[in-house]
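Please look through the sequence and the model shown here before reading on. The report that follows takes up a few places in turn.

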Amino acid sequence: MLDYVVQLTIDATRISPDDHARLRSVGFDDQGILQITLIASWFNYINRVADALGVGRE
Amino acid sequence: MTWIRTVPLAEADEALRNAMAAQQALYPEEYATPVHPTDDGSAGIVASHSLIPGALHHAFAAFGELMSPALPLTRSQHEMITTVVSVTNRCRY
């Protein structure tokens with residue numbers, strides 16, 4: 001799961017059906033894969049917002 | 001604290017108050033205490049969106065939905081994902 005999350009964060013264009021197959025092999029179904037993808041994607045969004053706006057940096 | 005103006009809770013109009021309340025209602029209890037609070041105690045990252053209440057509501061409601069216990073992932077898995085994303089991005093937040 002976390003390898004997938006790292007790849008999504010670094011370069012999502014490199015993700016392939018093989019990555020999804022690996023997630024399925026450890027028990028995630030399509031809804032789980034979607035949830036992982038959306039949580040990781042959302043946190044990439046919020047990381048960028050926080051850094052760009054200086055949140056928590058005095 | 002952010003590098004753009006944010007709307008303090010005391011000055012929030014109805015749209016902003018509703019957006020913030022709706023977002024808070026969706027989040028797990030452990031999110032009740034902000035990591036980087038503003039002077040009025042609200043979460044800095046939520047307040048950073050306060051100039052566009054609709055974006056605040058929809059952005060944070062999406063994440064709240066994604067943490068639903070009705071979905072496959074556990075809370076621990078949520079936190080592992082968010083931690084790994086932040087570390088990979090070298091996010092300072």
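Predicted model: local features only at pLDDT ≥ 70, side-chain atom pairs only at ≥ 80, totals over all residues.

B:R90 is found in the segment that comes after α4 of chain B.

Most residues other than glycine have a negative phi.

Is B:H78 buried or exposed? With a relative accessibility of 1%, B:H78 counts as buried, because the cut-off for buried is under 20%. B:H78 belongs to helix α4 of chain B. If its neighbours within four places in sequence are left aside, B:H78 is in contact with A:Q35 and A:I39 of chain A, and also with B:L66, B:M67 and B:L73 of chain B.

## Where the two chains meet

The contact between the chains draws 32 residues from chain B and 32 residues from chain A. About 3000 Å² of area is buried between chain B and chain A, and carbon and sulfur atoms give 72% of it. On the side of chain B, the residues that lose the most area to chain A are B:W3, B:L66 and B:I81, which together make up 20% of what that side buries. Between chain B and chain A the count of salt bridges is 0, while 8 residue pairs, both at pLDDT 80 or more, are in polar contact across the interface.

Which elements give two or more residues to the side of chain B that touches chain A? They are α2 (44-47), α3 (53-66) and α4 (75-88) of chain B, and α4(B) provides the largest share, with 9 residues. Sorted by kind, the residues on this side of chain B divide into 19 nonpolar, 12 polar and 1 charged.

## The two faces of α1 in chain A

In helix α1 of chain A, which spans residues 2-11, the buried residues are A:Y4, A:V5, A:L8 and A:T9. Because these residues cover an arc of only 130° around the axis, they lie on the same side of α1(A). The face turned away from this buried side carries the exposed residues A:D3 and A:I10.

The cover over the buried residues of α1(A) includes parts from both chains, namely α2 (17-25) and α3 (30-53) of chain A together with α4 of chain B.

Conventions: Residues numbered from 1 in each chain as written. Chains lettered and ligands numbered in written order. Heavy atoms only, no water. Contact = heavy atoms within 4.5 Å. Buried area = accessible area lost by both parts, 1.4 Å probe. Salt bridge = Lys/Arg side-chain N within 4 Å of Asp/Glu carboxyl O. Polar contact = N/O pair within 3.5 Å; in protein donor to acceptor, adjacent residues only side chain to side chain. Helix = DSSP H or I, 4+ residues; strand = E, 2+ residues; numbered from the N terminus. Nonpolar A, V, L, I, M, F, W, Y, C, P; charged D, E, K, R; others polar. Buried < 20%, exposed > 50% of the residue type's maximum accessible area, 1.4 Å probe, protein only. Arc of directions from axis to C-beta.
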